[in-house]
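Please keep the sequence and the model in view.

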Amino acid sequence: MVPEISLTQSPSHSRHGSNIGQPLTRRDGILKVKGEARYAADNHPPGMLYAVLAVSHIARGRVSFLDVRAAKSHPGVVDVMTPANKPPLAEDPDAKTNPFMFRLDLLQNDLVRYANQPIAVVIAETLEAATEGAALLSPRYETQPPRVGLDSNESFVPPAVGVGNPSELRRGDVEAGLAAASRQIDATYETPTQYHNAMEPHAIVAAWDGDALSIDTPSQGLAMAQGRIAGLFGISPENIHIRSPFLGGGFGSKGLIAGPQILGIMAARLVGKPVKLVLRREQMYGPVGHRAPTRQRIRIGADNAGALTAIDHHAKTVSSSFDDFFEPAADASHTLYASPAIATSHEAIRVDTGTPLFMRAPGEATGSIALESAIDEAAWACGMDPLAFRIRNYAEVEPISGKPFSSKALRECYRQGAERFGWSQRPLTPRQLRDEAGLLVGWGMGTATFPALMFQAEARAVIRSDGSGVMETGAHDMGQGAWTAFAQIAADSLGLDLAQMEFKAGTSDLPDAGIAGGSAHTATAGTAIHNAGTAVIARLEELATNNERSPLFGAGNAGVIARNGRLFRRDDETRSESYADILGHAGLTQIEARGKSTADPASQSTYAMHAHGAVFAEVKVDPDLGQIRVTRLIGAFAAGRIINPRLVRSQIFGGMIWGMSFALHEQAVMDRRSGRTLNANLAEYHIPVNADVPPMEALMIDEHDPYVNALGIKGVGEIGITGSAGAVANAVWHATGIRVRRFPIRIEDVLTPDPH
Ligand code: MOS
């Protein structure tokens, strides 16, 4: 039994109409259940051919031979695209003019820079013929030993991490703080390489018509994809029409358009026909991004009263040999705990891997499982309860910047989460609890945090002469429920019921909805929608209040309220006029307005903006077999205004499952000799299945934030992973007394004899 989410909205929210805050079911639910939601690979334009990638089986070297003749003479094969005959590009795929660009492998030469790099594309009349043709290429290589792992190369300090964060930051004197501490932790944590593993593989159906390009492809950011394609092919962005209504998950891997998607477009250009290219699961382990491994050293000092004196968080990570995305793991220590001295730093090495990319709380997930483990170790060293220790070191202002928080209901998260879990019954000492069956029981907790980001987006609102409305923005639904939440915001902003309004999304021909990433999509596109709706209502208001025959004439400073397709005088709600009448009197068939969203620079520079949460985990560990089971997971989260509590609960649950997955399951295992991933499939790359997932609860704590954006939305996409991973790891320690600092925690890690 999964209890319903608890949600209360403060009275100050009620002015925003009746749809926001409702636990509506998904608008796309029926479509998906019936198999009618059209994903990119479901499209089959007339005359379409099938393209299949051939990928490298080595991680470093060059391709010395491809049997193109054998592939081309295979029945059904139409052409083979190699560096020798690929269509020309207008831009070097290795050029990079902004940090939101990914260097791409587009057959520019015969170099191999990582395993599973595309080395040719076979185009055929059937998928089978293309697959067989690709197998006939029988590549030969000049192989060099691959550089793999965190110790395989000389390290350096990267100029920036993530998408341009400084790689080092400090406040106060960490060495002095550590020297003054009566308790010190100095521990090193390792996190593995992980892959996004969205259910839907990267796919594209591309069709050229002269210089106009029509494509179906999953993308977390349509305008950015459009811009990248325009640059590479030397055509205008308006000539590129991308349809991307639904994504079968993205998790960051579809944030930037990836090389294989561009290869599909090149293949269509080469053969002059529409082409479909879909990655096989194993081909997703290379050219479409992943989470880089990290080794993080954390030093923490605390005084006799359990107050932190210093946090020093140093993260080592990797990037590819040719690009520079570095997992910003140490940045997790910027936000959570008050300390007079904080230092974060990164070092990096280059290895023969596909370029890492943002993945499910990039930096926050890796950094917080290390930080939350270290904080737990510090609490134990101080002889304090881990929750009491965290509250003792509660950050009243953002520690790294000294800025006040725009809002922060973390104390309430701690209180309600702990109460719901029964945390007060937890013995301080590990390995004290057993269940009836003799299994070791452990309780752990972690703090969750994720920045409340805002990007740029635009929306267009229309009111038609029949009183109905339209809202348009180039967003999509990648499984999180955006389509539903945006429609709710749109309906309220237009003062209409959902049934009186159409919400259009899913193509690049609509206004740019920005990127669905950074947990900021609802905040970003939602604000644009809200502003577009507000703007079109303001135009209606102007028409009505200037029309002598309108009941709203002269409403003046009192203004109007939009509700149920009518404008009401704010100071006298008996006087109202319908949208249809207002437009009719003005002789208009429709009225429209656009709305934008962009972060407010004044608020951004004044306030630190983050969502917060507290996660409590119970695990049971078999003392003889080492098997670890998560048996309860309860989180309490404060993330500003909740647009749809049903969908938010689902998002948060997803994040919490990622967290337990991080702590106990996920790991890509590298063959160090070949540089290839040994478990590049969903059978051996472990993720939690239903049987692994315990009963979960997500409590949403009411939080009003007047600064983040007009609606007070903070975002919930990624925060769930950040507290849960550490909570599970800490629960394993509490069950067993064994502190595992290399993730995922494995059976053999907890199979050592009772340490007490
Ligand atoms: Mo997210 S990792 O910003 O899709």
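Lys-34 and Glu-36 form a salt bridge, with their closest N and O atoms 3.9 Å apart; the term denotes a side-chain nitrogen of Lys or Arg within 4 Å of a carboxyl oxygen of Asp or Glu. The model is predicted, so local features need pLDDT of at least 70 and side-chain atom pairs count only at pLDDT 80 or more, while totals for chains, interfaces and linings use all residues. Residues are numbered from 1 along each chain as its sequence is written, and side-chain values use heavy atoms, with hydrogens and water left out.

Lys-34 is exposed, at 53% relative accessible area, whereas Glu-36 is partly exposed, at 48%. Here buried means under 20% relative accessible area, exposed over 50%, and partly exposed in between (1.4 Å probe, protein chains only). Arg-113 and Asp-105 also meet in a salt bridge, at 3.1 Å from N to O, and both residues are buried. In a further salt bridge, the closest N and O atoms of Glu-703 and Lys-714 are 2.8 Å apart. Glu-703 is buried at 5% relative accessible area, and Lys-714 is buried at 0%.

Attention now turns to the sheet. Four strands form an open sheet in the order β22-β21-β20-β26, with mixed pairing; strands are DSSP runs (E, at least two residues) numbered from the N terminus, and two of them pair if DSSP finds at least two bridges between them. Strands β20 (residues 457-464) and β21 (residues 469-472) run antiparallel and are joined by four bridges. Within this pair, Ile-463 stands opposite Gly-469 in β21.
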